[in-house]
Amino acid sequence: MTRNMGYALLAGLAAVVVLVSTAIFIGVGGGEDGSDAAPPPRNPADPAGSGTWVGTWAAPATGAEPQTRRAGSADTTVRNVVHTSVGGTRARVRLSNLFGNGPLTVSHATLALAAAPSNPTAAAGSMRTLTFGAKRAVTIPPGGEVTSDAVRLNVPSAADVLVSVYTPEPAGPVTHHSYARQTSYASEGDQAADVAGNAYTEQVPYWRYLTGVDVWSTEAEGSVVVMGDSLTDGVASSPGANRRWTDFLAERLRTERDAPRYSVLNSGISGNRILTGGSKRPPLNNPSGLSRMKRDALSQTGVKAVIIELGLNDLLRTPRVLDSDRIVQGLRELVRQAHAQGVRAIGGTLTPFGRHRGYDPRVDAVRQQVNEQIRSGKVFDAVIDFDAALRDPAHPERLRTAYDSGDHLHPSDNGYRAMSEAVDLKLLKSSTAAKL
């Protein structure tokens with residue numbers, strides 16, 4: 001072999017190496033939409049700030065959407081509008097068929113940033129096609145859920161995100177979250193990739209199928225999940241304005257100095273009780289706190305702490321539980337479930353409801369007994385005194401007028417802010433455990 005031939009051979013080999021390396025790089029980086037299956041493996045020597053998966057938004061499945069119980073929803077795209085608590089550079093979503101009675105096929109799903117708050121128009125350049133195991137279509141069995149592959153997208157904190165899901169065939173009852181306090185949208189046909197949003201002529205007051213959005217984040221090192229009832233769900237807060245107390249808490253965690261670097265995940269269900277579910281036959285709409293704790297709180301991405309705001313509906317809804325010890329035992333069982341997974345459990349006192357149609361002095365006496373046990377420090381790892389934060393000093397059985405939405409049970413936007421401000425942020429990371 002001549003010297004020139006040797007140089008030519010070496011040059012050819014070098015070119016092959018460059019081509020292969022480029023192909024590998026493109027494969028890792030994903031396709032035209034910037035998607036990939038997962039972030040690159042972390043180097044053990046990387047600093048903690050290099051990123052981790054955390055939940056940025058969540059909403060538990062509350063039941064089967066009433067008007068879909070027989071036929072389901074076929075040849076329809078729903079564009080869910082959700083609000084992030086922290087940002088990240090990649091995202092993935094969780095879809096649920098928890099209350100379905102047949103296989104749910106999703107043949108097209110997308111994720112995008114909203115061009116404006118509560119708007120179905122996608123921001124330019126942000127539309128991403130979601131895949132599931134590298135395939136665009138996925139079938140979710142009855143009672144099941146699925147998490148999408150990750151896509152590359154710079155997701156800001158406190159931003160509206162659009163998750164669009166197209167279902168071509170009827171699949172029985174639609175799993176949904178009933179009190180979103182946020183307008184989403186629907187259209188006929190496959191409009192999942194519609195950037196302009198013109199096809200979305202129907203407004204939807206629910207979140208359909210979607211139960212979670214995760215981000216690969218350097219802003220947060222974990223998540224705090226709030227298990228609650230309508231007060232956590234944000235009933236009576238301003239629609240579309242993100243004025244739930246969990247939204248105010250997320251704002252505090254993002255902006256206050258020395259606050260734990262946590263996202264906030266809302267697992268509130270209106271009417272939820274600790275001990276009893278909403279119906280006795282499948283599908284079990286509005287499942288009890290005890291039965292949903294693992295799925296809706298402890299299985300969330302990056303969960304470090306759980307705040308429990310439950311118990312008032314056990315007193316108010318039929319059949320009423322007027323035994324404070326039973327309610328406290330239920331709360332302690334929730335704490336045990338959290339501790340079994342190494343998660344800190346923080347609990348809130350039960351809030352006033354004087355002048356509400358369900359008010360009765362005997363019922364309020366049980367509420368006070370429950371609160372006494374909670375304040376004793378023998379139920380939760382730490383206590384948030386929502387009762388003290390919201391009550392009228394002159395009439396402690398009532399909400400303070402400035403914090404009353406008008407129904408004498410649910411706080412106003414100002415009341416929800418007060419609930420957030422009642423949280424001592426240092427308690428979210430303390431190591432003190434309850435003496436159960």
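Why is strand S20 (residues 344-348) largely enclosed by the rest of the structure? Here are my notes, with that one picked up in point 6.

1. Ground rules. This is a predicted model, in which local features need pLDDT of at least 70 and side-chain atom pairs count only at pLDDT 80 or more, while totals for chains, interfaces and linings use all residues. Residues are numbered from 1 along each chain as its sequence is written, and side-chain values use heavy atoms, with hydrogens and water left out.

2. The overall tally. You're looking at nine helices and 23 strands; helices (H or I, at least four residues) and strands (E, at least two) are DSSP runs, numbered from the N terminus. Of the 436 residues in the protein, 55% are buried, where buried means under 20% relative accessible area with a 1.4 Å probe, protein chains only (exposed is over 50%, partly exposed in between). Take the contacts with a separation of 6 or more, and 80% of them are between residues 24 or more positions apart; a contact here is heavy atoms within 4.5 Å.

3. The six-strand sheet. An open sheet runs in the order S7-S6-S11-S3-S13-S14, with antiparallel pairing. Strand S7 (128-129) and strand S14 (202-204) sit at the edges with a single partner strand each, so one side of each has no neighbour in the sheet. Pairing, for the record, takes at least two bridges found by DSSP between two strands.

4. Strand S3 within that sheet. Seven of the eight residues of S3 (residues 76-83) are buried. S3 runs antiparallel to strand S11 (residues 160-167), with eight bridges joining them, and also pairs with strand S13 (residues 184-188) in the antiparallel sense, over four bridges. Thr-76 is a handy landmark: Thr-167 of S11 stands opposite Thr-76, and Glu-188 is the bridge partner of Thr-76 in S13. As for S11, there are six antiparallel bridges between S11 and strand S6 (residues 108-113), with His-108 partnered by Tyr-166 of S11.

5. The nonpolar cores. A nonpolar core is a set of buried Ala, Val, Leu, Ile, Met, Phe, Trp, Tyr and Cys residues joined through side-chain atoms within 4.5 Å. The largest one has 35 residues, and those with the most contacts inside it are Val-93, Leu-95, Leu-111, Val-163 and Leu-210. Setting aside neighbours within four places in sequence, Leu-210 touches Trp-57, Ala-59, Asn-80, Val-82, Val-93, Arg-94, Leu-95 and Val-163. There is also a second, separate core of 33 residues, including Ala-297, Leu-315, Val-343 and Val-370.

6. Back to S20. Strand S20 is largely enclosed because five of its five residues are buried. In a regular strand the side chains alternate between the two faces of the sheet. Both faces of S20 are covered, with Arg-344, Ile-346 and Gly-348 on one side and Ala-345 and Gly-347 on the other. Parallel pairing is the rule for these partners: S19 joins S20 over four bridges in the parallel sense, and three bridges link S20 to strand S21 (residues 382-384), again parallel.

7. Helix H3. Eight of the 11 residues of H3 (residues 245-255) are buried, so this helix is largely enclosed by the rest of the structure. The buried set is Trp-245, Thr-246, Asp-247, Phe-248, Leu-249, Ala-250, Arg-252 and Leu-253. Those residues pack against several elements, among them strand S17 (222-228), strand S18 (262-268), strand S19 (303-309) and helix H9 (413-421).

8. H3 against H9. Their axes come within 8 Å and cross at roughly 50°; axes are lines fitted to C-alpha atoms, for helices over the stretch in contact, and angles run from 0 to 180 degrees between N-to-C directions. H3 and H9 are therefore oblique to each other, since angles under 35 degrees count as roughly parallel, over 145 as roughly antiparallel, 65 to 115 as roughly perpendicular and the rest as oblique.
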